[in-house]
Amino acid sequence: MTPLLEVDGVSRSFGSVPALVNASLTVERNSITALIGPNGSGKTTLFNVITGNLRADTGRVRFDGHDVTTARPAALYRRGLSRTYQQARVFSQLTVEENLVVAGGFGLAQLFGRRVNRRDRQRATELIDEFRLGRVADLPAAELSYGQRKLLEFAAVLMSSPTLILLDEPTAGVNPVLIETMEHHIRRLHAAGITFLIVEHDMNVVMRLCDPVVVLDQGREIFTGPPDAVREHPAVLDAYLGA
Amino acid sequence: MRMRRGVGPVRAAVFFLVLAVAPTFGLAHWLLTMLVFTLMFAVMASAWNLLGGFTGYPSLGHVAFFGIGAYAVVLWFQHHDISSGYEPFLLLPAIGLGVALVGLPIAAIAMRTRADVFAIVTITLLFVGQTLAFNLRDITGGAQGASIVPAPFPADSYEIPFYDALVVLLAVSMGLTWATMRSKVGLSLAAVRMDEDKAAGIGVRVQTVKLLAFCVSVGLTAMIGGIWAYYEGFIYPQFAFDPLISVAMVLMTFLGGRATLWGPVLGAFILELAQQYFAYSLGGSRFYLIAYALVFLVVILVMPRGILPSVRDRLWRRGRRRIVDAQLPAGDGPL
């Protein structure tokens, strides 16, 4: 079976600064792949290229067997590839429920229908219950704590029934209890057949959750392998410690 | 946060009933004239709100479409006879539709920019319109102005037909706003306003709703331009394309509260009446503009988000505190 996501020799520069240099990456179906690397190694740029938020200068991206190198984010989203952002991006003046509904995707015909109809509410309520956001369901997202916003963004991603979810630092800046909650949801969804590609700085989370681990340094991948091997690999130590 | 069911429709019914019966109390002409202008601005602010408020694209060039609507009425009746005084009003929907269509390609280009850049791009529309009106003398009469046959209404109730037409347009404009808020168009516009890139990324029909908001907004504005031209009977480029009209729409919406149903209407009633009062009491000098600006400054200092959102917020927080107090100490904080 073809891998779910293939990044093949992608380069991208900002002016004269190369952010990605011939980077390649494969995400197998139903895996939880970690993408790690020092600050500025190009992780978020690679995310942006994969999701169509940025154009690659060279190289190809294939998702589910289709070439999506030049696809727009919305098209990829409809195909089942969705993402969260490093700084949780939720619509601050929309309620939690509306944040979920707007992520559900609707065609032109539904545009003139009810803002939140019964079916929307049903689907949103399921997720609100799963993510235990019931107490804040009617509050504008601006009223939520940072951790709750991260949960909301994660929940919203599921409204489109994705096959691949890209999480950009899902546990950054949240408390230990919430880290466990996040892990729990990732495992649960993984068990339900969803594939993950996760940028994560917390190595404990990576060790517990991910296999394989891809290490990026200065815009290129320097290691791909199981989590146990990554700590001992000389190139990885070199990248992190600058030895 | 949701309003109790039924309060909204009742409020709207009372408001429009009062507006509808007000002229039957034999109001003085000066008062009716003032109300006519207030209603014009209420519709325009409400229309502007669809774009500037709900979509978050602050157009400063809306008066260009007001001017187009005004000249459309004048031009039409320079070449066609008026069979009855109401005919120009019947032409308004066609003008609205036509200008909305004209607005489509303009929106498609202008809305590639955002925020302050969009504001500047739309200012150019105003100057393009004004320059054309001054220079296409064969069509517009240039600086000499252009006239339309006076409306054949009896002198003692001259304002009434204009007043009625404006009440209908205000109902249309607020009805459209209400429908927008209740539909997924409103949900999509809110997402565009708060984070357009993210909205596009999750498959919101960003382009469609943006263009829709722009076209409806300028179409309504043009219809007011048409009524204004007919009411005045004689129009000049500098008044049909007066930047102050654009500014007024923006100020009224900001004052009453952006992206609310009643905010722009409230703003129009406060600012237009204040402006008329100051213009009257401070004479023909433009000092009234300073007083007008002061009113606006004071409100924005006290309530930066506009009157309605600030008031609603305060009430809501008070209500919520009461709920939280009642739950203590049993309740624990959400997560």
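Okay, let's start with A:Glu130 and A:Arg188: these two form a salt bridge, with their closest N and O atoms 3.3 Å apart. By salt bridge I mean a side-chain nitrogen of Lys or Arg within 4 Å of a carboxyl oxygen of Asp or Glu. Bear in mind that this is a predicted model, where local features need pLDDT of at least 70 and side-chain atom pairs count only at pLDDT 80 or more, while totals for chains, interfaces and linings use all residues. Side-chain values use heavy atoms, with hydrogens and water left out, residues are numbered from 1 along each chain as its sequence is written, and chains are lettered from A and ligands numbered from 1 in the order in which they are written.

So, the domains. Chain A is assigned domain 1 (5-89 + 161-241) and domain 2 (91-143), with bounds that come from an automatic or database domain assignment. Their C-alpha centres lie 27 Å apart. Four residues from domain 1 of chain A and four residues from domain 2 of chain A make the contact, contact meaning heavy atoms within 4.5 Å. About 380 Å² is buried between these two domains, and carbon and sulfur atoms give 45% of that. Buried area here is the accessible area (1.4 Å probe) that two parts lose on being put together, summed over both. On the domain 1 side, A:Tyr77, A:His185 and A:Arg188 supply 75% of the area buried against domain 2, more than any other three residues. The rule finds one salt bridge across this domain interface.

Now the chain interface. How many residues of chain A are in contact with chain B? It's 37, against 33 residues of chain B. Together the two chains bury about 3,100 Å², 58% of it on carbon and sulfur atoms. A:Phe91, A:Leu111 and A:Arg115 supply 21% of what chain A buries against chain B, more than any other three residues.

What about charges? Over all chains the structure holds 19 salt bridges, and across the interface of chain A and chain B the rule finds four. In one A–B pair, B:Arg317 bridges to A:Glu143, the closest N and O atoms being 3.2 Å apart. Another A–B pair is A:Arg89 with B:Asp195, at 2.7 Å, N to O. That pair runs from the loop between β6 (81-83) and α3 of chain A to helix α8 (residues 184-201) of chain B; helices (H or I, at least four residues) and strands (E, at least two) are DSSP runs, numbered from the N terminus. A:Arg89 counts as partly exposed because its relative accessibility is 26%, whereas B:Asp195 is buried, at 15%. The cut-offs: buried is under 20% relative accessible area, exposed is over 50%, and partly exposed is in between (1.4 Å probe, protein chains only).

B:Arg114 sits in the loop between α4 (87-110) and α5 of chain B, 83 residues away in the chain. B:Asp197 is partly exposed at 40%, and B:Arg114 is too, at 38%. There's also a network: salt bridges with shared partners join A:Glu143, B:Arg305, B:Asp313 and B:Arg317.

Last stop, B:Leu126, in helix α5 (residues 115-135) of chain B. B:Leu126 counts as buried because its relative accessibility is 4%. B:Phe241 is 115 residues from B:Leu126 in sequence, yet 6.5 Å from it in space, C-alpha to C-alpha. Leaving out residues up to four places away in sequence, B:Leu126 touches several residues, including B:Leu60, B:Val63 and B:Pro243.
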